[in-house]
Amino acid sequence: MAPAVPLAVLALVALLAPGLGAAPGCDYPAHRWCSSRDIAAACQVQSRCPSLPRPAAAPVQLSLYYESLCPACREFLVLKLFPTWLLLPEEMLNITLVPYGNAQERNVSGKLDFQCQHGPEECLGNMMEACLMHEAKNFSTYFPVIFCLESGSSVTKNLEARPPVPCARQCLQIYAPEVDGGRVAACVQGDTGVALMHHNAQVTEALEPPHQYVPWITVNGKHTDELQAQAEASLLGLVCRLYQGEKPEICGGSKTPKFPSGCRR
């Protein structure tokens with residue numbers, strides 16, 4: 001009688017021997033089964049390949065509907081959104097900024113006109129930030145500039161090409177000197193700025209459910225009272241919980257104070 005073969009040896013043979021233990025139609029030798037996720041899937045041996053890289057996870061999608069002069073909007077953007085963006089890897093969080101908020105769009109004698117909750121200066125600030133996004137295009141270029149604008153004493157003056165005080169530096173010069181301030185100004189003063197604000201008006205008015213206040217936050221395309229409260233209480237914690245990929249060390253925990261109520265319509 002032939003000696004009994006230990007179960008562990010049989011398992012090892014099944015794993016390593018070509019054609020054994022793999023799915024029918026697997027044309028790869030056993031030593032390649034774990035060489036890529038596609039091959040492991042074709043041979044149906046993913047569970048035997050612990051070293052395979054995890055598939056890339058989709059970033060958490062966060063959209064912020066805001067007004068340039070709304071105090072609660074500025075607090076959320078400056079103290080929550082920007083720091084969270086800095087702390088997390090780029091692949092974890094995708095941010096969309098929509099400066100419009102509770103503004104109203106009117107057609108006056110064939111021309112679009114905008115009225116903003118905090119007056120004409122807010123309409124100017126909204127359009128400046130929309131034009132900055134349009135000209136800079138890259139989020140990592142324009143977001144630090146918008147952070148600078150919103151964290152300063154004057155949103156509109158902080159984008160001026162020439163500093164009003166000797167040796168003072170302005171947001172565009174500090175954070176995005178490669179962006180042409182003249183083109184941003186031309187956008188604000190011309191038809192492009194109006195078109196951008198019209199687009200922001202349409203996007204904001206299309207929200208479902210309709211926004212009732214600002215800042216209005218959607219996460220992965222959804223808005224609920226619970227998501228809004230979680231984003232305001234701990235945005236970093238919310239993104240870390242929702243992200244399905246490998247999480248960085250910073251996701252170990254974060255607690256920050258809740259912000260005050262927003263600007264209601």
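Trainee: What should I know before I start looking?
Mentor: The model is predicted, so local features need pLDDT of at least 70 and side-chain atom pairs count only at pLDDT 80 or more, while totals for chains, interfaces and linings use all residues. Residues are numbered from 1 along each chain as its sequence is written, and side-chain values use heavy atoms, with hydrogens and water left out.

Trainee: How many helices and strands does the protein chain have?
Mentor: The protein chain has nine helices and seven strands. Both are DSSP runs numbered from the N terminus, helices being H or I of at least four residues and strands E of at least two.

Trainee: What percentage of the residues count as buried?
Mentor: Of the 265 residues in the protein chain, 43% count as buried. Buried means under 20% relative accessible area, exposed means over 50%, and partly exposed is in between, with a 1.4 Å probe and protein chains only.

Trainee: And what share of the contacts is between residues 24 or more positions apart?
Mentor: Such residues account for 64% of the contacts in the protein chain with a separation of 6 or more. Contact means heavy atoms within 4.5 Å.

Trainee: Now the sheet. What is the strand order in the open sheet of three strands?
Mentor: The order is β2-β1-β6, and the pairing is mixed. The edge strands, β2 (93-99) and β6 (216-219), each pair on one side only. From one strand to the next, the twist averages 15°.

Trainee: What does "pair" mean here?
Mentor: Two strands pair if DSSP finds at least two bridges between them. In general, strands of a sheet pair through backbone hydrogen bonds, either parallel or antiparallel.

Trainee: Do β1 and β2 run parallel or antiparallel?
Mentor: Strand β1 (residues 60-66) pairs with β2 in the parallel sense, over seven bridges. V60 stands opposite L93 in β2.

Trainee: Which strands does helix α3 lie across?
Mentor: Helix α3 (residues 71-87) lies across β1, β2 and β6, at about 160° to β1. Helix α8 (residues 191-205) lies across β1 and β2, at about 110° to β2. Axes are lines fitted to C-alpha atoms, for helices over the stretch in contact, and angles run from 0 to 180 degrees between N-to-C directions.

Trainee: At what angle do α3 and α5 pack?
Mentor: They pack at about 145°, with their axes 9 Å apart. The contact residues divide into 11 nonpolar, two polar and two charged. Ala, Val, Leu, Ile, Met, Phe, Trp, Tyr, Cys and Pro count as nonpolar, Asp, Glu, Lys and Arg as charged, and the others, Gly among them, as polar. Among the residues that meet are L77, F82 and W85 in α3 and F139, F143 and F147 in α5.

Trainee: What about α4 and α7?
Mentor: The axes of helix α4 (residues 120-136) and helix α7 (residues 181-189) come within 9 Å and cross at roughly 130°. That makes α4 oblique to α7. Angles under 35 degrees count as roughly parallel, over 145 as roughly antiparallel, 65 to 115 as roughly perpendicular and the rest as oblique.

Trainee: Which residues meet there?
Mentor: L124, M127, M128, C131, L132 and E135 in α4 meet R183, V184, C187 and V188 in α7. They divide into eight nonpolar, no polar and two charged.

Trainee: Changing topic, how many residues lie between β3 and β4 in their hairpin?
Mentor: Two residues lie between them, and S109 in the turn has a positive phi of about 55°. Strand β3 (residues 104-108) and strand β4 (residues 111-115) run antiparallel and are joined by five bridges. E105 has F114 as its bridge partner in β4.

Trainee: Is S109 buried or exposed?
Mentor: S109 counts as exposed, at 75% relative accessibility. Q44 also has a positive phi of about 55° although it is not a glycine. Q44 is in the loop between α2 (37-42) and β1, and at 59% relative accessibility Q44 counts as exposed.

Trainee: Where is Q170?
Mentor: Q170 is in the loop between α5 (139-151) and α6 (171-175). Q170 is buried, with a relative accessible area of 8%.
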